[in-house]
Amino acid sequence: MKKTLYLLGSLAMIGLASCSKNNDPGTNPPVNPPAVTKMDVRGKITKDTHWTADITYRLRGYVYVDNNATLTIDPGTKIVSNKDSAGVLIIYKGSKINAAGTADKPIVFTSAEADPKPGNLGGLVIVGSATGNGNHAVLEGGVDTEHQPFGGTNDADNSGVLQYVRIEYAGKAVNPGDEVNGLSMYTVGSGTKVDHIEVLRGLDDAYEFFGGSFNAKYLVAYNNADDDFDFDDGYHGKIQYAISVKDPAFTDNKGTSGDISNNFEVDNTTDAKGYLLTPNTFPLLSNFTAVGPNNATGVSADYGYGMRWRRGAKFILANAIVMGGQKAGLDLDNDPTAQYYIAGTSGLKNSLLQAVTSPYKVDKLATAGLLDAAGLKTLVEGRDGTKSFTAAADIMLTDPFNNAAPNLLPKAGSPAIVAGKFDGSLSDSFFDKTNYIGAIDPANDWSKASWIVYGK
């Protein structure tokens, strides 16, 4: 027979496996039901809840952790979704997630389908109470009205722990420009611990950070359809050690939007809001390796730039490798973005840059003569010490464009084997002071660890 047990408080449903039925339940002792191995989860979780690795949890639609509850997820736990509901887990502000996986037992969000596809899972959303600039008024992706507002005043806010987590086949497009990403972080504070995360084969962005001040290390974006690192709404945290690898044939449906897919796409505010709301989007980044499609056979026409910094964003990206961009390696759009680069507020520092076309592009400027590609090249390669290359092979990574099994390790003699520079804002103790450029230590390739998956 089938039994269904409803858990009060979490609004979760557990479907128990079939068990034998007694002929005479009045005289025979009850048969012990089998252990629960699968659980459906829906609605709200409003009390502290613990998910364990012996049970697979299936998200049914939008699941909200609310009311200051903490959701603890054990190492090795699997959270799945079917394509009929594309489940989304939302940790709403005041609540916490304690998802501390391990290298050998990562926590995995993935598809429950026999033939998994991008979009089978909605994604993971964390909402904190740090500052943003109000560019977006509400959460994207079709969440209910009660859980749409975000933002606060506490940059030290703590939304919990996200460590050794893999998110597969995510992405939920509700309307054009209104999506759930692999990992969406809304005004998440610096008290939150974020490291060792992989987002792969997602239908939209891998990571999108809307404001907030949290820091992160060891982020991997692999074969996602839209942008890999999308920061806006005043995100002002620090990130070190990150990988972005693109599948040349895989982009999302752009429709008539004119959108393109990039390794980085970073904004401050929309055109209508004049780009200048504060706090300003201003990530401090070091030791990234970003690999675009490099004009491979069958490359999608929707690929754009290695980096697109626009709409008033500021940035420091240092000790990085960005290669294989289709339309350009480094693109600056809009006057404020260009002005920040001219002033030295922004910079691509001590890095290696290559693109299929010109490494540099400046676009959508209202002020004639403010900056052009040649002027940007002078600033980047003169003032900021970055080197550009015509051929990707000259950067001398082992096998970066082998999409099924990318090898980002610098070869002997690579220009990446040189001391990183960590001056100014990068002298902060958060940043390890490396003796190499890019994400991968030539003496210790963390990208081959068991928690990271390629080939999907």
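Glycine 413 is placed in the segment after strand E32 (407–410), where helices (H or I, at least four residues) and strands (E, at least two) are DSSP runs numbered from the N terminus. This glycine counts as exposed because its relative accessibility is 63%; buried means under 20% relative accessible area, exposed over 50%, and partly exposed in between, with a 1.4 Å probe and protein chains only. Between the C-alpha atoms of glycine 413 and serine 450, which are 37 residues apart along the chain, the separation is 28 Å. The model is a predicted one, in which local features need pLDDT of at least 70 and side-chain atom pairs count only at pLDDT 80 or more, while totals for chains, interfaces and linings use all residues. Residues are numbered from 1 along each chain as its sequence is written, and side-chain values use heavy atoms, with hydrogens and water left out.

Serine 184, a residue of strand E15 (residues 183–186), counts as buried because its relative accessibility is 1%. Its side chain makes a polar contact with the side chain of asparagine 181 at 3.1 Å. Leaving aside residues up to four places away in sequence, serine 184 touches Leu124, Val125, Ile126 and Glu208, contact being heavy atoms within 4.5 Å.

In a regular strand the side chains alternate between the two faces of the sheet. E9 runs parallel to strand E6 (residues 70–73), to which four bridges join it, and isoleucine 73 stands opposite alanine 99. Four bridges also join E9 to strand E12 (residues 160–168), again in parallel, and here asparagine 98 stands opposite valine 161.

Helix H1 (residues 335–343) has as its buried residues Asp335, Pro336, Thr337, Ala338, Tyr340 and Tyr341. Their cover includes strands E23 (305–309), E26 (328–333) and E27 (347–349) together with helix H2 (373–383). After H1 comes glycine 344, with a positive phi near 85 degrees.

Which residues have the most contacts inside the largest nonpolar core? They are Leu317 and Leu330, in a core of 68 residues, to which strand E5 (residues 56–65) gives the most, with four residues. Among the residues that leucine 330 touches, not counting those up to four places away in sequence, are Met307, Trp309, Leu348 and Leu376.

Key
A nonpolar core is a set of buried Ala, Val, Leu, Ile, Met, Phe, Trp, Tyr and Cys residues joined through side-chain atoms within 4.5 Å. A polar contact is a pair of N or O atoms within 3.5 Å; within protein, one must be able to donate a hydrogen and the other to accept it, and residues adjacent in sequence count only if both atoms are side-chain atoms. Two strands pair if DSSP finds at least two bridges between them.
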